[in-house]
Amino acid sequence: MTFVNHPRPTFSLDEAAEVLRQRFGVVGRLDGLPSERDQNFDVRADDGQRFILKIVNGAEPLTAIEFQTALLRHVEINDPSLPTPRVVPTRDGLEFGLLTGRGGERHCVRLVSYLPGTPLAEVAKTPETLRDIGRVLGQLDRVLGSFGHPGAHVAFDWEIRETPRARQRLSHVSDAAQRRCLEKVLDTYDSRVAPTLRRLRHGVIHNDANDWNLLVADPEKGAIAGLIDFGDAAHSPLIAELAVACTYAMLDEKSPIETAAMITAGYHAELPLQDAEFEILLDLIAARLAVSVSISATRHAEAIENPYLLVSERPAWTLLERLGKVDRRIATAILRNACGLEATPGAGRLRGWLAANRRTLAPLMHPHPARQQKHVVDLGNPEAPLARASAAQDHAAADRAYADLQREHGFTLGLGPYGELRTVYTAPFFDSTLIDGARRNIHLGLDIFAPAGAPLFTPLPAKVVAATINPAPQDYGGLLLLEHEPEPGLRFRSLWGHLDHASVRERRVGEELPAGACVARLGDYAENGGWIPHLHLQLVAADYDDVGVIPGVGESAFPGVWNDLFPSPYDFAGLPPETFDRTGQEKDALQAARKKRLGPNLSLSYRRPLKMARGEDVWLIDETGRAHLDCYNNVAHIGHCHPRVVDAITRQAQRLNTNTRYLHDNIIDYTERLAKTLPSELDTFFVVCTGSEANELALRAARAYTRRRDMIVLDWAYHGHTQGLIDISPYKFKRKGGSGRPEHTHVLPVADPYRAPAEWPEGEIGKRYGEHACEIIDRLVKGGHAPAAFIAETIPSVAGQVFLPPGYLGAIYDAVRRAGGLCIADEVQVGFGRVGQSMWAFEEHGVVPDIVTMGKPIGNGHPLAVVAMRREIAERFANGMEYFNTFGGNPVSCAAGLAVLDVLEDERLLPNAVEQGDYLLAGMGKLMDRHSVIGDVRGRGLFLGLELVRDRATKEHAGEPASAIVNRARELGVLMGTDGPFDNVIKLRPPMTFRREHADILLETLDEAMRDTLG
Ligand SMILES: Cc1ncc(COP(=O)(O)O)c(C=O)c1O
């Protein structure tokens, strides 16, 4: 198009036919074709072939012709699948010939094959067609990557780097607004595009993929069957190819950015684009349009009568003006997303970081949103009363609707989901700028409903980017934009809308806030855009400095784009995923099914049972996303779902799980490690699956060793659920359904220091209880009931968290051994460092058992248990009968056990148990001052109890209050249990990862629950 002022050649049809015959040896019928500067003919040869004969404008330099023919030959040779015209040589074997016109000008003449098909301009563009345009161009540019020619390096108006020439044409644009629009585009080109273009990939491109240069063979299918007219081909930035193709395709489209996205996706699949290319693509489209309309304007002025030139002028202006309103970041994100890339680079990293670090972020509000009872407030249903009231901006009705919801669902925190499709956005500024006729209705933030004035805190260190007031109805009111960079290079922003104006004014741009600092308070109707008080919290992964242009709602057509540009703020707000993503049956249904399907003597905890969805360290998260602080379940010893245990189990399960009939390292590694924690005498192990199995085996070994049957136990002990163990568990055989004490079981009273006779001196309690126990043992022996063994929990737990007084166990061990019996320590609950000072609770008593049983915490929830014993006992137990346990000692279980030992050491959890246990004991001691119901506070490490009494003097057991407190605490989100013969001891055994902040929650909740239940 450089030579538009040079007249087209004017050969008649007959002259052209003669040229064709002479030069190319082709005879046929010719029809003239429209062309701006050359003379083209459609040739139907007599032999049935079809060609295009081109008599080139006399002003076209020879190198340009050589360039074009060389380009076509290169494509034909290197990728014959590309639908480009083929060069037909002259009779002399040349790629073109030379002619002299009537006026004496020299013209090149050349012949190319005819490509069948309908110009794209004449068919509807399907998504497949658009993609295919991109594909063909990508394929072409890839092939042309190895092509170069001196004729490719020409400067002309339509080469993208010549865009600034358009400034010289601005005077031809008569409308001032249109001129300003072009100036803006050209300014952007100069400041942003030109410097980038220099750094980008260059190559030879077609540079003119308009609707007339693209052919479709079958309009139904829409695939591109021809790419013609290489007259504008040039060495140029590669991205210009796409920009030009998109520009033409976008004209008159309802959703032009999506149109461009489809072409871009096709191109990217063939020739992947670079980040910097995406960044300027839209600016290049605008630049191309500016070039086009400015050239048209000059032609208006020159009054050139060529409608072909003007055909796209009006739609070009429309598109140009429209692009001016489109947010470039969003449009670019749409292009990237269509290519399967992150809509904004780094979005995935941000999402991953937030998911991995949710638990470490400071709470956005108090109590922490995760701990609150939440309800998803439905603003998606236009008929829901709150949605109706909000759309109508009827404040009183909105308040009423919200209060009704709270009454019905009993929640403290209402949430409006991210990504919700809503009807409440009725103001005109919710019209889409991207898609004609569409509205923005997808919520891009999270709404947190709370009372006006509620303080909000930043979960991460923050820098204030903007602090402003947007007063329009349905706008944000008080608004903050904060920037966070939790790790180098991971920068994002958080937008906080609907804030109270005074608190926003307190913030200064550039101000730094530490994590947990108060950011602002929630605004009321008058200050928050007229909404029911709530926070609109939105994350912004793209670089927005102007908070005013960040959309809070988006078009439903672009979910993937929003997900990247404005990722879900759920993790940032500390909300567990279950909050919005419930799975499985409702609680009532489950309970009914359980009753029907499972044995009826299973019980559920709490008056209002819980359904748990997930465990996370010290937290148990229910199916509604509420996190309950677990202070009871001592099985999750190192925290629920500890990643190292999960990983160890997963890795071993992926490799092998089998039984002890094959050699395997894990069981040996594990028992070696355990041996190192035990007195050296306890050197032989059986690895089993449950505490009951461990105790049952201990019982068998003791009986085999002593050849006796009688057992001595402590009152109210529980050792397991097998018949043999029920027989030695007073907690079972004495209570409902039990058949009483078997003849061979002998029960010693529990040495309970709190309930020791008042007249016993403090320092003698152990000794006195011990003497009493020894008398009983001696009597038994004399009566012919010498025991096989004495078994006891080192800290009787079912009996009510009783801490046996010093000297007591030692005395019994001596007496039993004197009688030829063995001593078994049941460390199923209290082992593995729970007491903090030592790995095993028996160590505190200065005794060494003959057999130790372990379970519960041993595998952090994985079914694993162990019996450790003296070699001599194991040898006598091996009396010829094989010991086989299908699952006991399998490699997966041992891997879990090893991981638990590693974590106990690496995370220094024993010292932590001492520190937190002491803190809790001190705190519980203070509670005694406020609540007379607490008779005794006791504990060692993270094994603690609060004994409740009706009267501190009489020590009358207070079972009902204990149950009421525990149930109230459950409502408050803290889990604990009761135990003891009268169920009056509140039992606490939190995970060993319990920290100070958890201890504070526990203490506050105990206090509150006692106040709530006892007044
Ligand atoms: C002290 C004690 N020993 C043994 C067991 C039995 O363990 P399991 O339930 O794993 O069979 C229990 C279970 O509560 C226990 O508390």
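Me: In which sense do S30 and S31 pair, and over how many bridges?
Reply: S30 and strand S31 (residues 822-826) run parallel and are joined by 5 bridges. Strands here are DSSP runs of E with at least two residues, helices are runs of H or I with at least four, and both are numbered from the N terminus. Two strands count as paired if DSSP finds at least two bridges between them.

Me: What kind of model is this, and which pLDDT limits apply?
Reply: This is a predicted model: local features need pLDDT of at least 70, side-chain atom pairs count only at pLDDT 80 or more, and totals for chains, interfaces and linings use all residues. Residues are numbered from 1 along each chain as its sequence is written, and side-chain values use heavy atoms, with hydrogens and water left out.

Me: Back to S31. What stands opposite aspartate 826?
Reply: Glutamate 793 does.

Me: Which other strand pairs with S30 in the parallel sense?
Reply: Strand S28 (residues 711-714), over 3 bridges. Isoleucine 712 has phenylalanine 790 of S30 as its bridge partner.

Me: How many residues of S30 are buried?
Reply: 5 of the 5 residues of S30 (residues 789-793) are buried, so the strand is largely enclosed by the rest of the structure. Buried means under 20% relative accessible area, exposed means over 50%, and partly exposed is in between, with a 1.4 Å probe and protein chains only.

Me: And which residues sit on which side?
Reply: Ala789, Ile791 and Glu793 are on one side, Phe790 and Ala792 on the other, and both faces are covered. In a regular strand, side chains alternate between the two faces of the sheet.

Me: How many bridges hold S7 to S9?
Reply: 2 bridges, with S9 covering residues 214-216. Threonine 118 has valine 216 in S9 as its bridge partner.

Me: What is the helix and strand count?
Reply: The chain has 29 helices and 39 strands. Of its 1015 residues, 57% count as buried.

Me: Where is arginine 21, and what does it touch?
Reply: Arginine 21 is in helix H1 (residues 13-24) and is partly exposed, at 37% relative accessible area. Leaving aside neighbours within four places in sequence, arginine 21 is in contact (heavy atoms within 4.5 Å) with Val26, Val27 and Arg91. Its C-alpha atom is separated by 97 Å from that of glutamate 672, 651 residues apart along the chain.

Me: Is glutamate 616 buried or exposed?
Reply: Glutamate 616 is buried, with a relative accessible area of 10%. It lies in strand S24 (residues 612-616).
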